[in-house]
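Dear colleague,

I am passing a structure on to you, and below it you will find notes on what turned up when I went through it. Please read them with the coordinates open beside you.

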Amino acid sequence: MPFLTAPNWQISWTPLLVLGYLFYLLLGAMVFQLLEKQAETHSRDQFHLEKLKFLQNYTCLDRQALEQFIQVLMEAWEKGVNPERNSTNPSNWDFSNSFFFAGTVVTTIGYGNRSPSTVAGQVFCVFYALFGVPLNLAFLNQLGKGLNAHLFTLERWVQKPGHDQVVQRLAVAVFLTAGTLLFLVFPPLVFCYVEGWSYGEGFYFTFITLSTIGFGDYVVGANPNKHYIPLYRSLTAIWIVFGLAWLALVFNVGADLMEKFLQLKWHKPDLSLSEGAPTKLEDEPEQPRIHIPT
């Protein structure tokens, strides 16, 4: 367990990290409750008001019939059928949509807007994910190593005589900035044009997708009033795969910096508990990570 020692006592950083993690979750819960609960209550009240207006305008219907119809709509939605669509709309399970779904399975994004409804499809999905998720992790690992190799090549170039640490840091910043533009900044512009979203909604979808959170509130190619090119969702799936690898490296960098700050792996004598007191950290196997120059 990582710890700092003093002449008479020691502090373990692992319990502090656990407490910090729990505090972060509690903080998020409180903030989301403050931001979303009132809006949810307003939406619920508005929905009940609309139901009352509907019953008043169509007196031939009673409340029970309306509730049964709403239940039918909910069941159709849960099975991936958009109630706004008609029989002429493209299938949710054509090759392009199925390819996109397969990508969300192996990458563990799981938007939740579409899922197998047959027993055979559910069983196949389990075994497909059982082998597909490790395969995806291996692929992303190799892809990440390739990106790391390019970064190390760039670092070796800037470490030649005549190149100082400022240039080295600038090279890493260029690498991260290029990925940010390619995977986080430019794609929302495409989604704004194709899906009709605002840039904020497009950026929200981009980050939620590449971080594999995948709420499912925004999904590409799901608007029944739009006609998409056949390869749209397939190209989006390919973008997601490469974006996952890049964002994983960014998260890796963030984890490294946080571990450095919390003294989990790096030795900093000036952070000892008393002047002259030795600082000891347990030896841990190093994982391949992006080097951040200091």
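I begin with Lys51, which is buried, since its relative accessible area of 10% falls under the 20% limit for that class. Please keep in mind throughout that this is a predicted model. Lys51 forms a salt bridge with Glu67, and the closest N and O atoms of the pair are 2.6 Å apart. Glu67, for its part, is partly exposed, with a relative accessible area of 32%.

A search of the whole structure gives two salt bridges, and the other pair is made by Glu40 and Arg44, whose closest N and O atoms are 3.1 Å apart. Here both residues lie in helix H1 (residues 13-57), four residues apart, which is about one turn of the helix. Glu40 is partly exposed, its relative accessible area being 42%, and Arg44 likewise counts as partly exposed, at 43% relative accessibility.

Next comes the packing of two helices. In general, two packed helices are described by the angle between their axes and by the distance between those axes. For helix H6 (residues 199-210) and helix H7 (residues 232-261), the axes come within 9 Å and cross at roughly 75°. That angle makes H6 roughly perpendicular to H7, since the class of that name runs from 65 to 115 degrees. On the H6 side the contact is made by Phe205, Thr206, Phe207, Thr209 and Leu210, and on the H7 side by Trp239, Ile240, Gly243, Leu244, Leu247 and Phe251. Sorted by class, the contact of H6 with H7 holds eight nonpolar residues, three polar ones and no charged ones.

Ser96 is found in helix H3 (residues 95-106), and at 12% relative accessibility it counts as buried. Leaving aside residues up to four places away in sequence, Ser96 touches Pro230, Arg233 and Ser234. Of these contact partners, Arg233 and Ser234 fall within the residue range of helix H7, 232-261.

Key
Residues are numbered from 1 along each chain as its sequence is written. This is a predicted model: local features need pLDDT of at least 70, side-chain atom pairs count only at pLDDT 80 or more; totals for chains, interfaces and linings use all residues. Side-chain values use heavy atoms; hydrogens and water are left out. Axes are lines fitted to C-alpha atoms, for helices over the stretch in contact, and angles run from 0 to 180 degrees between N-to-C directions. Helices (H or I, at least four residues) and strands (E, at least two) are DSSP runs, numbered from the N terminus. Angles under 35 degrees count as roughly parallel, over 145 as roughly antiparallel, 65 to 115 as roughly perpendicular and the rest as oblique. Contact means heavy atoms within 4.5 Å. Ala, Val, Leu, Ile, Met, Phe, Trp, Tyr, Cys and Pro count as nonpolar, Asp, Glu, Lys and Arg as charged, and the others, Gly among them, as polar. Buried means under 20% relative accessible area, exposed over 50%, partly exposed in between (1.4 Å probe, protein chains only). A salt bridge is a side-chain nitrogen of Lys or Arg within 4 Å of a carboxyl oxygen of Asp or Glu.
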